[in-house]
Structure formats: structure tokens, C-alpha cells
Amino acid sequence: VDADSGTTHWHVFAIPLVSSHTAASLDGFCGGGCLLSAIKTQLGVFADARSGRLEKQKALLYLVHFAGDIHQPLHCAMDDSPVPLRKRFGNTKTVLWKGKPRQLHQFWDRMLLTGAEARKTDVHTLARELELDLAGRDTSSWLAGDFLREAALESFQLAREIIYPDFERSRGKISAKDHKAMSNLVKERLERAGVRLAAWLETALGGIK
């Protein structure tokens, strides 16, 4: 779903870090299209009985991907770096982990759960771990109100209140303690993404628009 360069802006929500925001104020940062509107569009395609099978399959692939994007804090917080928009999401900030430099955004996208590249991660083991952690938990608060906007707002707040301040505090050097705290946060974001994605699809399959 990343092959089309014209969809780059679908993967981010350019909420500026310079001030605090509410769920109700987020639409003002969507402009000509963003992660929030992309999810709504693909949910519409997936739910539409007139959509063909291939259209629905592609929409589903997008939705799975976007569920991860909107729960990854750095996809929903635009920093003030003097670079093109697509790079203003932690892509110009460098962290050091085990002596190796990485982009802050890349680190949160791919490397926090295992310290390795995403392609080396055992996704089945991770999925089972998250599933077991969710068993029996009350996740109803994650689905309250407009939880699509809430997901974006949560991500923005995590970036503004935790990730960027920690980056400045540590000067980009990731300690083992930092890594563990970040990994735990990533797991929780993945759990929320999974629960919310299931709710989106259940609603769409139920024909509720």
C-alpha cells in the first residue's frame, strides 16, 4: 500500500507540536487530505456494497496499515524542522541505540519491540503476546465517543508530552531503561490499534455508516 507515492500524505496527520489541541480541533489540520480522512475514505470503500472485491481487499490493506499509523505517535505530531512536510515527523532527529544512529521516526516505526529491524520480528509471537495481555481486560474506554479522533489525539499528546521531551532530555541517547519504557508504550498502542481496527471493520461489515 506504500507503492503509490501520491498517497504519502495519507500516512501522517500534520498536527503542529507548538500548541495543545483537542479532538474537536483536529479537522483544521487535515487540509487537502491526511491520515484521518484516508481512514474514513477506506472505511467507506470497505463498507460500500457497490465496491468490487479487489477494491475491498485494497481498502482492508490500507485500514490495517493506517490503524498502525494513527497509533504511532510520530505519525500524528509535526515538528518545526525547516524541511519538507513529509520529513517533519521525527525524521530529521537522530537517536543512538547500542552505538548505532537511527532516525527517531524509524526507531519508533520498526525497532522498539525487539531492537532489531521489523523484518526480523516474529510477528506471530508478538500477536499472541498482545492477545494474551488483552484477554479479559475491559477495553470499552478505547471505543468510547469518536475514538478515531481520540486515537490521533492520544498519539499527538504522547509525542508532545513524552517522546520529544525525552529525546531532548537524553540528547538522543537511548538507554536500556528508556528502551523498555518505549517498548511497553508501543505494545499498548498496538493493542489499542487492534481493538479499534476490529471495531471499525465490525461496524463496516454490519452496514452501519
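Are Arg189 and Glu154 buried or exposed? Both of them are buried, where buried means under 20% relative accessible area, exposed means over 50%, and partly exposed lies in between (1.4 Å probe, protein chains only). The structure is a predicted model, in which local features need pLDDT of at least 70, side-chain atom pairs count only at pLDDT 80 or more, and totals for chains, interfaces and linings use all residues. Residues are numbered from 1 along each chain as its sequence is written, and side-chain values use heavy atoms, with hydrogens and water left out.

The two residues also form a pair. The side chains of Arg189 and Glu154 meet in a salt bridge, at 2.7 Å from N to O. A salt bridge is a side-chain nitrogen of Lys or Arg within 4 Å of a carboxyl oxygen of Asp or Glu. Arg189 sits in helix α6 and Glu154 in helix α5, so this pair links distant parts of the chain, 35 residues apart. Helices (H or I, at least four residues) and strands (E, at least two) are DSSP runs, numbered from the N terminus. Through shared partners, salt bridges join Glu154, Glu188, Arg189, Arg192 and Arg196 into one network.

By this rule the structure has 13 salt bridges. Another of them is formed by Arg137 and Glu191, whose closest N and O atoms are 3.0 Å apart. Arg137 belongs to the loop between α4 and α5, while Glu191 belongs to helix α6, so the pair ties together parts that are 54 residues apart in sequence. Arg137 is partly exposed, at 37% relative accessible area, whereas Glu191 is buried at 4%.

The salt bridge of Glu131 and Arg128 has its closest N and O atoms 3.3 Å apart. These two residues are three apart in helix α4 (residues 123-134), which means that about one helical turn separates them. Glu131 is partly exposed, with 47% relative accessibility, and Arg128 is partly exposed too, with 46%.

Next comes the nonpolar interior. A nonpolar core is a set of buried Ala, Val, Leu, Ile, Met, Phe, Trp, Tyr and Cys residues joined through side-chain atoms within 4.5 Å. The largest such core here has 50 residues, and those with the most contacts inside it are Phe13, Ile39, Ile70, Leu104, Phe107, Trp108 and Trp200. At least two residues of this core come from each of α1 (35-47), α2 (53-71), β1 (94-97), α3 (104-111), α5 (147-170) and α6 (176-205). The largest share, eleven residues, is supplied by α5.

Ile70 shows what such a position looks like. Leaving aside residues up to four places away in sequence, Ile70 touches Leu35, Ile39, Cys76, Leu148, Ala151, Ala152, Ser155, Arg189 and Trp200. Contact here means heavy atoms within 4.5 Å.

The cysteines complete the tour. A search of the whole structure finds one disulfide, defined as a pair of cysteine sulfur atoms within 2.5 Å. The bond joins Cys30 to Cys34, with 2.1 Å from S to S. The link is left-handed, at -90 degrees about the S-S bond. Cys30 is buried at 12% relative accessible area, and Cys34 is buried at 2%. Cys76 is in no disulfide, and the nearest cysteine sulfur, that of Cys34, is 8.8 Å away. Cys76 is buried as well, with a relative accessible area of 0%.
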